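User: I am new to reading structures. Please walk me through this one, feature by feature.

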Amino acid sequence: MKKLLTSAALALAALTGPALAEYPTGPVQFIVPWPPGDFEDILTRMIAADMAEATGQPASVVNRPGGGDGPFPGALEVLNAPNDGSVIGSFVIGVPIVGPKIDIGIEEDSFVPVGIFLTYPFVLAASGDAPYSNMAELAAHAQDNDVVLGHFGAGLTPTAVSMAAAAKMGFEFADDSAFDLLDCNTLSSGDADVINTTLALIEPCLDDINVLGNIGAQPIAKLDGVETIAAQSGVNDVELWNGLFVTKGTPQEVIDTIAEVAAKTMASDEAQALMAETGAAVYWQGQEEAQARIEADRAKSAEINEILGR
């Protein structure tokens with residue numbers, strides 16, 4: 001993490017003021033394809049505020065939740081926008097990894113990464129009175145009982161990881177449903193038995209639920225004793241991250257200016273405090289490293305899809 005932030009600081013030092021004078025020449029919109037309130041929304045709003053301050057041009061966040069279609073309606077809105085940096089996507093891993101595989105007009109090179117700034121503390125959770133508190137207990141329970149999974153989209157990384165883990169452990173979910181919001185109410189209402197969601201959305205009821213595992217390479221420090229789903233099931237450790245993207249053909253100087261602002265935002269005390277408080281990983285990973293990470297995650301996604309027979 002310190003290395004990433006140091007790299008961001010060096011990049012900031014190398015950039016000069018004139019780029020900010022050339023771009024933007026008008027309002028900038030950041031498209032977040034989810035409802036307000038989660039990590040990507042909070043951090044993107046910080047970036048937008050810093051963009052407005054740095055450039056003197058209005059910068060706003062527009063939320064475009066897609067329901068069962070996940071982030072893809074919002075991604076298509078960015079894809080159809082001018083490639084001048086006036087519309088910027090704040091996207092999860094699923095847009096560049098899954099989008100090209102579902103025949104909606106997104107190609108592997110449709111978007112250019114500006115950088116990645118967030119790894120979600122994504123978890124698989126159940127109500128506190130569920131008769132299972134980890135993946136092994138869930139697998140045993142699901143042999144004789146129906147378990148319904150709630151998720152943010154069938155093609156998204158946490159959903160695929162959860163289903164692949166189930167397959168590896170010899171069970172399957174009886175049903176699954178997509179939601180725009182997955183929080184304490186989803187579990188208390190019985191709309192789903194197990195949910196894929198971020199830690200922030202279940203923080204208010206954390207003492208009253210069972211967190212079965214987290215999705216990622218490392219356990220979440222504030223979840224004492226909770227192991228990763230990868231460690232419990234044997235699936236790979238692909239993580240759910242979020243980054244900024246622009247459309248192919250956007251000038252490099254525009255990308256560099258957006259990156260300059262975003263790197264400064266992620267290094268701010270406010271963003272780093274969010275990381276400390278929530279278990280999210282907040283950093284700035286620049287364009288070249290982000291592209292390499294996307295390629296590596298495409299290979300991991302292919303492995304998950306092979307397990308699922310896709």
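User: Leaving aside neighbours within four places in sequence, which residues is T247 in contact with?

Analyst: First, the ground rules. This is a predicted model, where local features need pLDDT of at least 70, side-chain atom pairs count only at pLDDT 80 or more, and totals for chains, interfaces and linings use all residues. Residues are numbered from 1 along each chain as its sequence is written, and side-chain values use heavy atoms, with hydrogens and water left out. Contact means heavy atoms within 4.5 Å. With those neighbours left aside, T247 is in contact with V78, L79, A81, P82, N83, S110, F111 and V112.

User: Where is T247 found, and is T247 buried or exposed?

Analyst: Helices (H or I, at least four residues) and strands (E, at least two) are DSSP runs, numbered from the N terminus. T247 sits in strand β10, residues 241–247. Buried means under 20% relative accessible area, exposed over 50%, and partly exposed in between (1.4 Å probe, protein chains only). T247 has 5%, so it is buried.

User: S110 was on that list. What does the side chain of S110 reach?

Analyst: A polar contact is a pair of N or O atoms within 3.5 Å; within protein, one must be able to donate a hydrogen and the other to accept it, and residues adjacent in sequence count only if both atoms are side-chain atoms. The side chain of S110 reaches the backbone nitrogen of E107 at 2.7 Å. S110 lies in the loop between α5 (94–97) and β4 (111–119). With a relative accessible area of 8%, S110 is buried. Not counting residues up to four places away in sequence, S110 touches L79, G105, V246, T247 and K248.

User: How many residues are in the largest nonpolar core?

Analyst: A nonpolar core is a set of buried Ala, Val, Leu, Ile, Met, Phe, Trp, Tyr and Cys residues joined through side-chain atoms within 4.5 Å. The largest one here has 103 residues. F30, L138, I202 and L244 have the most contacts inside it. Helix α11 (residues 252–266) gives the largest share of this core, eight residues.

User: Which residues of helix α6 are buried?

Analyst: In α6, residues 135–142, the buried ones are M135, L138, A139 and A142. The arc is that of the directions from the helix axis to the C-beta atoms. Down the axis of α6, the buried residues fall within an arc of 100°, so they line one face of the helix. Their cover includes β5 (122–127), α7 (157–168), β8 (194–198), β9 (209–215) and α10 (229–233). At the start of α6, a side-chain oxygen of N134 comes to within 3.2 Å of the backbone nitrogen of A136.

User: Where is the place of M169, and what is M169 in contact with?

Analyst: M169 is in the loop between α7 and β7 (175–178). Its relative accessible area is 21%, so M169 is partly exposed. Leaving aside neighbours within four places in sequence, M169 is in contact with M135, A136, A139, Q232 and S233. M169 and Q232 are 63 residues apart in sequence and 9.0 Å apart in space, C-alpha to C-alpha.

User: How does D269 count, buried or exposed?

Analyst: D269 has 71% relative accessibility, so it counts as exposed. D269 lies in helix α12, residues 269–278. From C-alpha to C-alpha, D269 and S177 are 38 Å apart in space, and 92 residues apart in sequence.
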